[in-house]
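Hi,

Here is the model I promised to pass on. Have a look at the sheets first, then read my notes below.

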Amino acid sequence: MWPFGKARKHVPQVSGPRAIPTQVAVTSALRRRPTKSHPHEMPPARGMWVRYGDNTGILTDIGHHDIATVMLVDEHGFNTAQVSVPSNVLRQAHFEEIPEKRRPHETVAVSMGYHRRPS
Amino acid sequence: MTLVVPQAGEVIALKAFLNNTAGQDQTLKLFATNVTPAETDTAGSYTEAAGGGYASKSLAGASWTFTSASPSHADYAQQTWTFTGALTTNPTVYGYFVVQATSGTLLWAEAFTSFTPANNGDQILLTPKITAD
């Protein structure tokens, strides 16, 4: 350990493709809710808040056969576990389901399809 | 890993593209909480690394190189953080985020394999790149 350990070099691989390939996204069972500017359901995107069962997570990828990779988060928005599941078991999160510390202003949220849960 | 351009970053890109608002130089920062970037994030969503010799990096717009390809991309020279020891607030680095130098608005963020600086001379070497896909 410091200050006695040997210095290490970490070279992370970054800047992976930003977008989910169009042909994958448009056929995915996971959809984004209509918004004022986009009145029809839209394909999912990386970074989208999703709901998997009783858990909230962030979509990180969708691969072939519509298998989605999701990082589940805790009530503070910190990572807990990564899961790979069929997209048809996911849905876009509702506004209240985004962890409070990472929840955007409601106007912003609604513009991205994160409406409040229907009562 | 997954690079995410949040909504705020998309608006900045559109405004610069359409000559509405000029872009700005950028500041490259490391974040030290175990979070995955989300499309709703702001700069405040991330806890910047602190201590251990850490300092953010300035990225000048004129120093990016642009490649016309499919997809086109922009690349920057490799950035190196050399630590003097452990970070102080949170010990582990989980990714990086880029903000506008003046406004502080988040442009994009990306998680990477985590690293915990501990030894004097430990380094993180990061080559900024963004792809227009």
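A word on terms before the details: two strands pair if DSSP finds at least two bridges between them. Helices (H or I, at least four residues) and strands (E, at least two) are DSSP runs, numbered from the N terminus.

Keep in mind that this is a predicted model, where local features need pLDDT of at least 70, side-chain atom pairs count only at pLDDT 80 or more, and totals for chains, interfaces and linings use all residues. Residues are numbered from 1 along each chain as its sequence is written, while chains are lettered from A and ligands numbered from 1 in the order in which they are written.

Chain A first. Its open sheet has five strands in the order E5-E4-E3-E2-E6, with antiparallel pairing. E5 and E6 (90–92) of chain A are the edge strands, each with a single partner strand, so one side of each has no neighbour in the sheet. From one strand to the next the twist averages 40 degrees; axes here are lines fitted to C-alpha atoms (for helices over the stretch in contact), with angles from 0 to 180 degrees between N-to-C directions.

Going through the pairs, E2 (residues 49–52) of chain A is joined to E3(A) by four bridges, and the two run antiparallel. Trp49(A) has Ile58(A) in E3(A) as its bridge partner. E3 (residues 55–62) and E4 (residues 67–73) of chain A, also antiparallel, share five bridges. Their hairpin has four residues between the strands, and His65(A) takes a positive phi near 65 degrees there.

E4(A) then pairs with E5 (residues 79–86) of chain A through seven bridges, again antiparallel. This hairpin has five residues between its strands, with Gly77(A) in the turn at a positive phi of about 90 degrees.

Now chain B. The open sheet there has three strands, ordered E4-E5-E10, with antiparallel pairing. At the edges are E4 (65–67) and E10 (129–131) of chain B, each pairing on one side only. Neighbouring strands are turned by 15 degrees against each other on average, direction ignored. Three bridges link E4(B) to E5 (residues 73–75) of chain B, which run antiparallel, and Phe66(B) has Ala74(B) in E5(B) as its bridge partner.

Cheers
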